[in-house]
Structures are given as structure tokens and as C-alpha cells.
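Hello,

Here is the structure I said I would pass on. My notes on it follow below.

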Amino acid sequence: MSGSRCHYYFQKHNSHHDCRNCVISLQVGVNWSASRKANGDYICNGCASERARENKEHRKASLFERQGLMCAICERTSKDRAAFHLDHCHRSGKHRGVLCSGCNQTLGLMMDNPAWLRRAAEYLEQVD
Ligand SMILES: [Zn+2]
Ligand SMILES: [Zn+2]
């Protein structure tokens with residue numbers, strides 16, 4: 001190995017990297033994405049999705065805790081945490097809250113449209 005080349009040069013031009021989490025050898029297009037390589041993020045696709053899943057679980061648990069362990073809309077509760085879903089805005093991707101299956105499905109069926117949901121409430125409250 002050439003002693004004239006500094007550590008930085010070696011880092012920059014050495015195309016071989018290992019996942020810093022599971023130490024698997026990283027190959028773009030196989031277990032590592034080009035965007036991750038460009039960002040210098042030395043983590044394999046498997047570890048990245050596992051990390052995302054863990055983050056999501058953590059986010060769901062802390063939001064659910066803040067909501068008092070009940071659905072953000074109907075306030076129904078259940079010991080079965082799997083019956084609750086981390087709801088997110090389909091446009092921004094932001095997490096909105098934790099909902100029971102019923103409310104989560106209702107929002108989906110009503111296409112996340114607040115006007116329709118308000119009209120549905122008015123419809124139910126109308127007196128004949
Ligand atoms: Zn990995
Ligand atoms: Zn609910």
C-alpha cells in the first residue's frame with residue numbers, strides 16, 4: 001500500500017464499504033441503494049428498513065401513550081395494541097395519531113375528506 005496516500009484519500013476512493021450495523025458487504029443495487037451510497041449512509045437496505053420499522057413502532061407507542069391509550073377519534077380503548085394503527089397523512093406522510101381499526105378504515109373510506117366527514121356528522125344529527 002502506498003504510504004503517500006492519506007487516510008482521507010483511501011476513504012474517498014475505496015469503493016468497498018460494510019454495513020455499519022450488520023457488517024455485511026455493501027453492494028449498490030443488491031443490498032444498498034444508490035441514494036444511500038450518495039449520502040454516505042453505510043447501512044444496508046435490510047438494516048435501514050428494520051430501523052424504519054422500529055422507529056415507527058416507537059412513534060406509535062409514544063403517540064398512543066400521549067393519547068391516554070385510546071383511539072384519537074372515538075376514544076375506544078383495547079388491551080390489544082395491534083388493533084390500533086399509526087395513522088399518517090397520505091399527502092405529507094406525517095403521522096397524525098393512533099386510531100382504532102374502525103376509525104382508521106372510516107377515514108380511508110371517506111378518502112380523508114373532512115368536508116364529507118362533517119356532512120356525515122350533520123346527516124346523523126339531523127332531526128326530522
Ligand atoms: Zn446491515
Ligand atoms: Zn376509533
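What pattern does the protein chain follow when read along the sequence? The pattern is α-α-α-β-β-α-α, made up of five helices and two strands. Helices (H or I, at least four residues) and strands (E, at least two) are DSSP runs, numbered from the N terminus.

This is a predicted model, in which local features need pLDDT of at least 70 and side-chain atom pairs count only at pLDDT 80 or more, while totals for chains, interfaces and linings use all residues. Residues are numbered from 1 along each chain as its sequence is written, and chains are lettered from A and ligands numbered from 1 in the order in which they are written.

Of the 128 residues in the protein chain, 9% are buried (20 or more other C-beta atoms within 10 Å of the residue's own; exposed means 12 or fewer, partly exposed in between, with C-beta atoms placed from the backbone).

Helix α3 covers residues 45-66 and reaches 31 Å from its first C-alpha to its last, close to the expected 32 Å (1.5 Å times one less than its number of residues). The number buried among its 22 residues is one, so α3 lies largely in the open. E57 is found in this helix and counts as exposed, because it has 12 C-beta neighbours inside 10 Å. Just after α3, G68 takes a positive phi of about 75 degrees.

Helix α5, residues 114-125, reaches 17 Å, close to the 16 Å expected. Of its twelve residues the number buried is zero, so α5 also lies largely in the open.

Regards
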